[in-house]
Amino acid sequence: MRSVTSIQIRLVLSHMVVAFVSVFLMSTFAGSAILNAARNEFQLTLENLAISANNSLVDPMRSYYFGQQDDERLEEVLRKLSDIYPNLRYSLFYRDGSPMYDSDDLLTGNPDFPSEEIAQALTTRSGQGSSVRDDVLGVENLFVAKRIEQNDEVFGVLRISYPLQDALAPTRPLIIVLLAVSALVTLSVTTFAWFLAANISRPIQQLTEAASQIASGDLDARVSPAGPRDLRRLAEVFNNMASRLQTHVNELRSFAANASHELRTPLTIIKLRIEALLSGALNDSMVATRFLEEVESEIDRLSRLVSDMLDLSRMDAGLTSDRHTRINIGTLVDEAIETFNIRAENAGVSIVKHIAVQLPLIEGNEDQLIRVLNN
């Protein structure tokens, strides 16, 4: 019972492990793809927003460099950016990468400038740069920088940043749905594995119980074919084997009963004759001789019965040998005559043999040929 339960548990656990690993890998890949797509899409949105803002910042920045500082106009352009996204932060940098203006006044004293995205915007041909990192407050942000230029004249860099967690917020329902579907798939596979394992382990359990019943002596135990085709075939073979075993046992019991009955008669006669001889029949030579001849006859009968039983047992157990060798039949005949010569003389029987000179060897089973000659 434990082994069957172990098989069922192992089948369920193996399906669960495969399902969990597969679903985990697919969920991880799908979730990563969703997050990357959302981040790339939002980055593209920020880049477009930076490009749009740059068109409005060219004139104020040119005026600034030519000594015509117009902070109100500059701040007005930058303020419009925050109206689009409340959590949007924007910063301006000189064309050498040093900080100029920040919407939250977080640039002063920051040793990270020029940052990666600023360096990319100032040095790359596209005039753009981006990075994902923590800001000075320790919040992970998506940074996008765009070079402010006109006619190959650089006036500065605009950088806008947005908290990555807020940018990816629209993907949360998708991630939740993905996790729910993954859990549902794992549960479905586990349920299917449980029924599949039960379908396999139940026939094995029935076979185990039936085998235990037969081992304890109940030869009528049988199983009902169930489960997959191979297990049904196994159940049919088991039932056939059990039927043949029951038949053999019944035949053996019948044979034992018949053998005991056949052996009882000669043994009874031998016992009675010996008792008679011990009681005084030995004093009468004629009676003693007759009794001894009867005892000898019954002993021969017992010998034949035992020999027959041994032969039947060998044949029933499949121990008869089919191995053939080259045999000198004349030698076997001589041995048989020598064995029974004294008994033949006592019975007044003459044994005559006619064996050709240089008789050729034959192919045969020596043990079986000796048995034939002795009979």
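Mentor: Ser131 counts as buried because its relative accessibility is 7%, buried meaning under 20% relative accessible area with a 1.4 Å probe and protein chains only. Before we go on, this is a predicted model, in which local features need pLDDT of at least 70 and side-chain atom pairs count only at pLDDT 80 or more, while totals for chains, interfaces and linings use all residues. Numbering starts from 1 along each chain as its sequence is written, and side-chain values use heavy atoms, with hydrogens and water left out.

Ser131 sits in strand E3, residues 128–134; helices (H or I, at least four residues) and strands (E, at least two) are DSSP runs, numbered from the N terminus. Its side chain makes a polar contact of 2.6 Å with that of Glu117. That term covers a pair of N or O atoms within 3.5 Å; within protein, one must be able to donate a hydrogen and the other to accept it, and residues adjacent in sequence count only if both atoms are side-chain atoms. Leaving aside residues up to four places away in sequence, Ser131 touches Glu116, Glu117, Asn141, Leu142 and Phe143, a contact being heavy atoms within 4.5 Å.

Now step back to the sheet. It is open and antiparallel, with five strands in the order E2-E1-E5-E4-E3; two strands pair if DSSP finds at least two bridges between them. E3 and E2 (99–102) stand at the edges with a single partner strand each, so one side of each has no neighbour in the sheet. On average, neighbouring strands are turned by 20° against each other, direction ignored.

As for the chain as a whole, it has nine helices and seven strands. Buried residues make up 29% of its 375 residues. Among contacts with a separation of 6 or more, 60% come from residues 24 or more positions apart.

Note on methods:
Buried < 20%, exposed > 50% of the residue type's maximum accessible area, 1.4 Å probe, protein only. Axes fitted to C-alpha atoms, helices over the stretch in contact; angles between N-to-C directions.
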